[in-house]
Amino acid sequence: MDTLSYKTISANKATACKEWVVVDAADMVLGRLATKVAKLLRGKYKPNYTPHVDCGDNVIILNADKIKMTGNKWDQRLFFYHSGYPGGQREVTPAEIFAKKPERLVEKAIKGMLPKNRLGRQLFRNLYVYTGTEHKHEAQQPKVIDINAIK
């Protein structure tokens, strides 16, 4: 048996074929959108996926102010953060985050689904979230994709 014909090819920074894609988040459920976008950022839909390399796409999300959450999650879910001072633990609901900055809620959901290491921080920099339908990345000629068509 010729074992040399079964070499595993690992992607690296030079061989990763990164693309720019646009996702319209209007009337989409936040968690379902976030899982698919996290997979796009990670590159798991590509045949040359390598776990330790940034081989995912650059993702632009539009209409972040038109997302949905099912059930009573707008008011019952709580996010915690700490000011750094004793007794400084604070809690905030998604409705409060959405009222101040809607794109922050989408970013927070996607960031939680990425690895918690240097690679995850690098992948998160490939995400661009906007509230309207306009973005400043026309020079990259992004492809518009239907996130619901992705399995």
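Me: How many helices and strands does the protein have?
Reply: This is a predicted model, where local features need pLDDT of at least 70, side-chain atom pairs count only at pLDDT 80 or more, and totals for chains, interfaces and linings use all residues. Residues are numbered from 1 along each chain as its sequence is written, and side-chain values use heavy atoms, without hydrogens and water. Elements are DSSP runs: helices are H or I of at least four residues, strands E of at least two, numbered from the N terminus. From that end the order is β-α-β-α-β-β-α-α-α-β-β, which comes to 5 helices and 6 strands.

Me: Which cysteine sulfur is nearest to that of C17?
Reply: A disulfide is a pair of cysteine sulfur atoms within 2.5 Å. The structure holds 0 disulfides. C17 is in none, and its nearest cysteine sulfur, 8.3 Å away, is that of C55.

Me: Is C55 buried or exposed?
Reply: Buried means under 20% relative accessible area, exposed over 50%, partly exposed in between (1.4 Å probe, protein chains only). C17, at 46%, counts as partly exposed. The relative accessible area of C55 is 1%, so C55 is buried.

Me: Which side chain of opposite charge is nearest to E103?
Reply: E103 lies in helix α4, residues 102–111. A salt bridge needs a side-chain nitrogen of Lys or Arg within 4 Å of a carboxyl oxygen of Asp or Glu. E103 is buried and has no salt bridge; at 4.3 Å, the nearest side chain of opposite charge is K101.

Note on methods:
Lys, Arg positive; Asp, Glu negative; His and termini not counted.
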